[in-house]
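Opened a new model today and made some quick notes. I wanted to look at aromatic contacts first, then at strand pairing.

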Amino acid sequence: LYNSSTDVRATVLQHREARAVNAHIKSWPKVVTSRGRFIKAKPRAAKQGEVAGHAVSAGVVQGRIKVLSHPREKPLLTGEILVAKATDPGWTPLFVPAAGILLEVGGALQHGALVAREFGKPCVAGIDDVTEKFKDGQLVEVDGTEGIVRILSDAPVSGSPTMLMAEALKATDKDACN
């Protein structure tokens, strides 16, 4: 399982270099045909206070947003809504505490949609710029049946577990820097 001769630092540097090559790409095509054409299905029109995407896992749930760019960026608390560009198997443990999932990339057969259905979690995919549209602590309703996210409150609640965890992490970072 663990090979002590592996140079972990070199491997990490290689992964960072590979990620840096594509860092300028803001969003990946959702579907590419065998002829190289990009297909982008249009979700239904969103009403005031809503964001529309594609319904990929049925159900309706309310919760506070947690935006993540990678699975170990910060803790996801039970009942929070996981927001990410896309997921892969490394994200799977985060589906357990998540109340719902919002994704930018993907459709019915994308990893996040499959795992969300298997775990019985509402999921909406195909939301352009999802990690920019939502911010940590927003209260939303995820309707995975209709592919709609309703924004219920823009302001995070002070004293909520999400905000308390964020404050604790900031304090830890400050202590580490001093």
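**Aromatic rings**

I looked for aromatic pairs and found one in the structure. The partners are Phe 95 and Phe 119, edge-to-face, with 6.5 Å centre to centre and 70 degrees between the planes. I note that this is a predicted model.

Next I checked burial. Phe 95 has 0% relative accessibility, and because the cut-off for buried is under 20%, Phe 95 counts as buried. Phe 119 comes out at 34% relative accessible area, which makes Phe 119 partly exposed.

Why did I write down strand 9 as largely enclosed by the rest of the structure? Because four of its five residues (residues 139-143) are buried.

Then I went through the pairing. Strand 5 (residues 60-67) runs antiparallel to strand 9, and five bridges join them. I picked out Val 60, whose bridge partner in strand 9 is Asp 143.

Strand 10 (residues 148-153) also pairs with strand 9, in the antiparallel sense and over five bridges. Here I noted Leu 139, bridged to Ser 153 in strand 10.

Last, the turn: strand 9 and strand 10 form a hairpin with four residues between them. Gly 147 lies in that turn, and I logged its positive phi of about 80 degrees.

How values were computed: Residues are numbered from 1 along each chain as its sequence is written. This is a predicted model: local features need pLDDT of at least 70, side-chain atom pairs count only at pLDDT 80 or more; totals for chains, interfaces and linings use all residues. Side-chain values use heavy atoms; hydrogens and water are left out. Rings of Phe, Tyr and Trp (its six-membered ring) pair if their centres lie within 6.5 Å; planes under 30 degrees apart count as stacked, over 60 as edge-to-face and the rest as tilted. Buried means under 20% relative accessible area, exposed over 50%, partly exposed in between (1.4 Å probe, protein chains only). Helices (H or I, at least four residues) and strands (E, at least two) are DSSP runs, numbered from the N terminus. Two strands pair if DSSP finds at least two bridges between them.
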